[in-house]
Amino acid sequence: MPQYNAQTTAEEVANDCRASIANKTILVTGVTLGSLGAGFATAIANYAPSLIILAARDVTKAQQTAMEISIINSSVKTRILQLDLGSQFQIREAAKEVLEYEEHIDVLVNNAGVMAPPFSLTQDGVESQFGINHIGHFLFTNLIMSKLVTPGKSSRVVNISSDGHRLGPIRFDDWNFDVSWMHWDGIRENKD
């Protein structure tokens, strides 16, 4: 296997992995043009996946990525999936749709995320960065597990993350920042 480094391009990796891409159904979250997810989806397009499912909160942005894929390789089928990782209700709706798909999901790339937004909560009351980047993907992956774990077939789940976890641990006793804390924008008062 080749050695990859910071100068390795997505196209080089996709070319090396072409046998693992060909004829596969691949679901990618967070596919706005210019994002890592869209970069991944467009990089693999030349290597004959059978279907790329583009999951995004904003379907218009996913459609733009689908158009880019069709320019790269018009024979690659794409499908748009609305997936808002900030809403557990909508995650469940998206998962129901995936469970109705005929295809087995060969690769799930959990890529969508937000980085250092102003403090806010998801629709379900979870701090947004933790809720979207971690809880949302965890819930979605578990809800579609029957599309990933099928007798006689294999799947991969790829979770994209930053190196940010090295800056500090998850505070399991205060994961929603309910206790006073220093935020990038100043001090947030205790909710009580």
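Predicted model: local features only at pLDDT ≥ 70, side-chain atom pairs only at ≥ 80, totals over all residues.

Reply: Residues are numbered from 1 along each chain as its sequence is written, and side-chain values use heavy atoms, with hydrogens and water left out.

Me: In what order do the 5 strands of the open sheet stand?

Reply: Strands (E, at least two residues) and helices (H or I, at least four) are DSSP runs numbered from the N terminus. Two strands pair if DSSP finds at least two bridges between them. The pairing in this open sheet is parallel, and the order is β3-β2-β1-β4-β5.

Me: Why is one side of β3 and of β5 left without a neighbour in the sheet?

Reply: β3 (77-82) and β5 stand at the edges of the sheet. One side of each lacks a neighbour because each has a single partner strand.

Me: Which residue in β5 stands opposite Leu 108?

Reply: β4 and β5 run parallel and are joined by 4 bridges. Opposite Leu 108 stands a residue of β5, Val 157.

Me: Is Ala 66 buried or exposed?

Reply: Ala 66 is found in helix α4 (residues 59-72). Leaving aside neighbours within four places in sequence, Ala 66 is in contact (heavy atoms within 4.5 Å) with Leu 54, Thr 78 and Ile 80. Buried means under 20% relative accessible area, exposed over 50% and partly exposed in between, with a 1.4 Å probe and protein chains only. The relative accessible area of Ala 66 is 12%, so Ala 66 is buried.

Me: Which helix gives the largest share of the lining of the largest pocket?

Reply: A pocket is an open set of points on a 1 Å grid over the protein atoms alone, where a 1.4 Å probe fits, with protein on both sides within 12 Å along at least five of seven lines; lining residues have an atom within 4 Å of a point. The largest pocket is lined by 49 residues, and among those nearest its centre are Val 114 and His 134. The largest share of this lining, 6 residues, comes from α6.

Me: Which element gives the largest share of the lining of the second largest pocket?

Reply: The second largest pocket is lined by 24 residues, with Phe 40 and Ile 44 among those nearest its centre. Elements that give two or more residues to this lining include α1 (10-16), β4 (107-110) and β5 (156-159). The largest share, 6 residues, comes from α3.
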